[in-house]
Amino acid sequence: MIDLSALVLPDRAPAAFVSDVRAAESLGLRTVWTYDHLTWTALKDRPWHAAVPMLAAAAVSTSRVRLGTQVATPNYRHPVTFAKEIMTLDHLSGGRLEIGVGAGAEGADAAVLGDPPRSLSERAERFAEWLALLDRLLTHDISTVRGPRYSAVEARQIPGCLQRPRVPLTVAATGPRALRLAARHGQAWVTYGPYRRQDDPEGWFAALKEQERALGAALEAEGRPPSALRRIAQVALDMTWPFESQDRYVDFVGRLREAGFDELTLHWPRQNDGKGMPSGALDFVAATHQLPRKAD
């Protein structure tokens, strides 16, 4: 059976966030992710907390569920400081941390530090350099690297990650360049599918299958087996058709499994705006995945 994970947004009070994470853990979910943004356009005038301290609070309040970001980007994170935070979170969680990373889109996070707009090509090149340095920092005690955008001078990562050789990286990718980076650096790959076809089930599945085939080719080019990366499908906050009925959801999960996906990420039910997985769907979602525990 495909694994189930949840996205809990950091737009609620820390105590409420931790409560949701603990409920997801009690239900038996594999991973709880949270968005790593400074702000989110759809909720820009509402409270929004920082991902790293929220994950730290969740780490010391849970014992089984894995925790991570979806996704950290170069828009405002430097590899040296972020690597130190990752290392510390891995120790706080007892080795339960996963880090999702991506190139970063244009938007509020890209503009908040006053940086000029970047083309897709510029963002891809920046991400390649950023990810390579982050990977090195997380696997070496001391690193000195000088690059066109990012440098590290005797950057120390001691004692290093609790997980070895480092915290697993989940790379968000849809295009060929990012898929090559996922194949090179990742332990998992995550996709939303086609960004502009969330309301078209057949188009959504067709795009996922094409992306998965492209990932397989990228893995082969890197000399890694197809099993080297977990495949994670993430349902967008406004994508509602998988939850229209239990039968529809069972079919949805079955088609993902047939397409080669290992994990499905859903937004945890939200009480204040009706977006994400409906609260009423949680019972049949849990039953479909044969989860061993009941939610608190």
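Because the model is predicted, local features need pLDDT of at least 70 and side-chain atom pairs count only at pLDDT 80 or more, while totals for chains, interfaces and linings use all residues. Residues are numbered from 1 along each chain as its sequence is written, and side-chain values use heavy atoms, with hydrogens and water left out.

**View 1. Helix α2 (residues 51-59) and what covers it.** Helices (H or I, at least four residues) and strands (E, at least two) are DSSP runs numbered from the N terminus. Seven of the nine residues of α2 are buried, where buried means under 20% relative accessible area, exposed over 50% and partly exposed in between, with a 1.4 Å probe and protein chains only. The buried residues are Ala-51, Val-52, Met-54, Leu-55, Ala-56, Ala-58 and Ala-59, and their cover includes α1 (14-27), β2 (31-34), β3 and α3.

**View 2. The packing of α2 against α3.** The two axes come within 9 Å and cross at roughly 15°; axes are lines fitted to C-alpha atoms, for helices over the stretch in contact, and angles run from 0 to 180 degrees between N-to-C directions. The helices are therefore roughly parallel to each other, given that angles under 35 degrees count as roughly parallel, over 145 as roughly antiparallel, 65 to 115 as roughly perpendicular and the rest as oblique. The crossing is left-handed, a term used if the near helix is turned anticlockwise from the far one by less than a right angle, with right-handed used if clockwise. Val-52, Leu-55, Ala-56 and Ala-59 of α2 meet Phe-82, Glu-85, Leu-89 and Leu-92 of α3, contact being heavy atoms within 4.5 Å. By class, this contact has seven nonpolar, no polar and one charged residue, where Ala, Val, Leu, Ile, Met, Phe, Trp, Tyr, Cys and Pro count as nonpolar, Asp, Glu, Lys and Arg as charged, and the others, Gly among them, as polar.

**View 3. The packing of α3 against helix α5 (residues 120-139).** With their axes 9 Å apart, α3 and α5 pack at an angle of about 45°, which makes α3 oblique to α5. On the α3 side the contact is made by Pro-79, Val-80, Phe-82, Ala-83 and Ile-86, and on the α5 side by Trp-130, Leu-133, Leu-134, Leu-137 and Leu-138. The residues of this contact divide into ten nonpolar, no polar and no charged.

View 4. Arg-77 counts as buried because its relative accessibility is 13%. Its side chain makes polar contacts with the side chains of Asp-36 at 2.7 Å and Glu-85 at 3.2 Å; a polar contact is a pair of N or O atoms within 3.5 Å, of which, within protein, one must be able to donate a hydrogen and the other to accept it, and residues adjacent in sequence count only if both atoms are side-chain atoms. Not counting residues up to four places away in sequence, Arg-77 also touches residues including Val-52, Phe-82 and Trp-130.

View 5. Gln-163 is buried, with a relative accessible area of 14%, and its side chain reaches the backbone oxygen of Leu-97 at 2.9 Å. The C-alpha atoms of Gln-163 and Arg-96 are separated by 8.2 Å, although these residues lie 67 residues apart along the chain.
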